[in-house]
Amino acid sequence: MPPVKAAVRGPAVAVATGGVSEPVAPSGLTNAEAADRLRADGPNAIGGSGRRTRLAILVSQVSSPLVLILVGASLVSLVVGDEINASIILAIVVMSAALGFVQEARSEAAVAALQARLTLRATVVRDGEPREIPIHDVVRGDLAVLGAGDIVPADGRVIEANHLYVDEASLTGESAPAIKTPRDGELDPTRDDDRDGLLFFGTSVVSGTGRTLITATGARTSYGEIARRLAERAPENDFQRGVRTFGFLIFRVTAILVIAVLAINVGLHRPILESFLFAIALAVGLTPELLPAIVTLNLTQGAHALAAHGVLVKRLPAIQNLGSVTVLATDKTGTLTEGRLAFVRAVGIDGEDADEAARTLEFAYLNSHFQTGFTNPLDAALLSGTPKPADLATYHKLAELPYDFSRRLLSVVVQRKGEQPLLVTKGAPEAVILRASHVREDHSVRPIKASEHKRLAKLVDTASADGFRLVAVGSRVLATKELRASTAGGAAASLEDAARLEHNLVFEGVIFFSDPPKEGVGDTIAELARQGVALKIVTGDNELVARHVAAQVGLAVEGVLIGEEMRSMTQPALVARAKRTTIFARVDPDQKLQVIGALRRSGAVVGYLGDGINDAPALHMADVGISVDNATDVARSAADIILLESSLEAISWGVIEGRRTFANTLKYIRMGTSSNFGNMLSMTGAALLLPFLPMTPGQILLNNLIYDASQTAIPTDTVDPDVKAVPARWDVHAIQRFMLIFGPISSVFDYVTFGLLLLALGVNERAFHTGWFIESLFTQVLVVLVIRTRRSPFWLSRPSPQLLAAIVAALAAAVIIPLSPLGEVLGFTALPIVFWPLLVLIVGAYLALVELAKRRFEPHN
């Protein structure tokens, strides 16, 4: 971001960016001005939307080097007089491209529709009114309104700030939030002293409010690469890596065998152009070019199914990862409990003293009313469930110490006319008690006794064990010079001032809140356990509250680990302990990150459910980050999956759908290995043994087109309950072993077909082409019924009606096309009647042998 310059001019601010000066009114831009700038500068995004146009999808269908070579060779063939074969090849290439285009365009449209529901939004002032717009529509010159939990929508300078603290850790590496204040004069983001007057794309507001004048958007921001990581695209995961590795494996084997086939044909002095066309057509036919489309179809169908259950998918590969989850880590509030805290009572040092309770509530209300941090259920329950102090209007706020997860406190400094400044602190009971040196009793303040420290600790433990959420309140009258020393004459205190201000507190009392467990959550936890998913509670609350909630929802607690213990543990010790721990209590955000990392290193596939600012790092670390629709922007940005409601039941649905999606993808991969690798071996042997090509290039492409068309129904297929009952894991070695077992079986029956056609039936070249074309399609298409299920015999598992219809249609095409007038053009001919019963025997024997091999490959069935 270039240096920017500002000077206050009455109600407006003049800003110069890159030498161009323009007034910025409090009313912000008009809609017309914003539209002009959006057209001029482009959307506020880095690297574009990642979505392809229909033209780009169409071009991708014919941009494969193999397809281009095939088209070029066909044109050469057309020039030298072989119009029929050239036309056939070109027509089939066009039909294949059309099939791929339709499937990919449909998938792209489905993804776009899902992503539109998940677009991050920003609040800007347009025509004098604050309004929410998609973050990619923010333009240079916009006035953006910021609050706790918001992501800064673009680079800008601070125009207004009210105790505005921003987390810039991903940009600067600093763990403590940076305070932001308006600054005059020219500001340079490369100078540390100027950064407190600037805001940067992708950073997040921890507490406070403010307004920023946007000075740079999209690729022109300082945040560049980091913003790209926070956008919709995630790093390649295990599933994507496995699919890519499989594709390269097939491509390498295909390339070797195709080159061998071409060399054999040339060595046998067959026509070079025909041999070249055959080799290229063979490469096109054997390459699993539909693999990306099938994977995308599976994932988009899974995403639509999840959306029907209130689960929106931001990153499609996360669906498969969700099916692989073995550990689900979550806080208890809003997931295991209702998340709607209700005020129960307040107590002072004497327990039942009404005046002490009333003063505790008054101070707590002041703290919640004046704090500008992120909204939380405790503050909402206090402000809605307790009486508003009658003299609230007489207080004005001087400073704020925002909440952080190491202090576990939030303090505000308020003052009434003619009185000393008053620090009001609210937070975790143990943190307030630790800093308390006095107590309020009978309207007077006295030193706290050692026995009272123990009594208060016992009160907290007893109430926590009963499931109450607790917050303690303390206060301290400040000397004016003491406040000035901390705030340096400004309106905000920094976190470094906490140690100077939050000590020698007067303990006012403790407030009790209730948060009942969700109805039916125990059944969902039991269902997750049956699915092989272990639930672990990761919470900032104390272990007694967490144990109580676990008991209420029927979650068996194997072990408990608190944050204090974690600080002294080595990483290997934490990994070993994490596996047998159910509750991680009193953990800060860094420790949440350590817990997720330890669970992953222990071999678990981890899903993490979080909705707060402090959850973003753990959401990034987890295999699947899950958040909720009303979460903070930074949590929603970090998550892979968004729940419309915080519900374990929705996650349980997601796990099942993830396993269904993975299973159907694996079906296509297994079928691709069994047929493609077998066909490679068959083609290589045929080229060496036969005095002619086993199929013409056009016949190979037609065979591939019919087979591919039948496979597009796989995403609709049903999945056996036993497959959905266990976590799905990617295993490349198992796929390679499957290929080496089932590929040669397919090839053996191809050679049997060769022998029957040539030796038993004595057919000519055209009849041989016809017979193998039909046998090849029958075996490739029907083996789907066997490989699609682990059950044996395979007819115990019924395919989806769509898949069954696609199989029947492919078989019908295999029979009808050779017998039709088109068959004559394609080089097919009628077969002896005896071929058809032999075909039934060959296909039946092939399916029976594959069934037997499947039993050995899947020994648990």
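Tutor: Helices α11 and α12 are oblique to each other. This is a reading of a predicted model. Two packed helices are described by the angle between their axes and the distance between the axes. For α11 (residues 354-370) and α12 (residues 377-385), the axes come within 9 Å and cross at roughly 120 degrees. Roughly perpendicular covers 65 to 115 degrees and roughly antiparallel begins over 145, so an angle between those ranges counts as oblique. The crossing of α11 and α12 is left-handed. On the α11 side, the contact is made by Leu361, Ala364, Tyr365, Ser368 and His369. Helix α12 contributes Asp379, Leu382 and Leu383.

The pair belongs to a protein with 31 helices and 27 strands. Of its 861 residues, 56% count as buried. Among contacts between residues at least 6 apart in sequence, 74% join residues at least 24 apart.

An α-helix has 3.6 residues a turn, so residues three or four places apart point the same way. In α17 (residues 521-530), the buried residues are Val521, Thr524, Ile525 and Leu528. They fall within an arc of 100 degrees when seen down the axis of α17, so they line one face of that helix. The face turned away from this buried side carries the exposed residues Asp523, Ala529 and Arg530. The buried residues of α17 pack against β13 (327-330), β22 (534-538), α18 (543-553) and α24 (648-689). Just after α17, glycine 532 takes a positive phi of about 85 degrees.

Helix α20 (residues 571-579) has Leu574, Val575 and Ala578 buried. These residues also fall within an arc of 100 degrees seen down the axis of α20, so they line one face of the helix. Their packing partners are β22, β23 (560-562), α19 (563-566), β24 (583-585) and α21 (589-601).

Now the charged pairs. Side chains of opposite charge can pair when their charged atoms come close. Lysine 592 and aspartate 615 meet at 2.9 Å, N to O. This pair links distant parts of the chain: lysine 592 lies in α21, aspartate 615 in the loop between β25 (606-609) and α22 (616-621), 23 residues apart. Lysine 592 and aspartate 615 are both buried.

Arginine 567 forms a salt bridge with glutamate 564, with the closest N and O atoms 2.9 Å apart. Here both arginine 567 and glutamate 564 are exposed.

Elsewhere, salt bridges that share partners join Glu441, Arg446, Glu452 and Arg455 into one network.

Definitions and conventions
Residues are numbered from 1 along each chain as its sequence is written. This is a predicted model: local features need pLDDT of at least 70, side-chain atom pairs count only at pLDDT 80 or more; totals for chains, interfaces and linings use all residues. Side-chain values use heavy atoms; hydrogens and water are left out. Buried means under 20% relative accessible area, exposed over 50%, partly exposed in between (1.4 Å probe, protein chains only). Helices (H or I, at least four residues) and strands (E, at least two) are DSSP runs, numbered from the N terminus. The arc is that of the directions from the helix axis to the C-beta atoms. Contact means heavy atoms within 4.5 Å. A salt bridge is a side-chain nitrogen of Lys or Arg within 4 Å of a carboxyl oxygen of Asp or Glu. Axes are lines fitted to C-alpha atoms, for helices over the stretch in contact, and angles run from 0 to 180 degrees between N-to-C directions. Angles under 35 degrees count as roughly parallel, over 145 as roughly antiparallel, 65 to 115 as roughly perpendicular and the rest as oblique. A crossing is left-handed if the near helix is turned anticlockwise from the far one by less than a right angle, and right-handed if clockwise.
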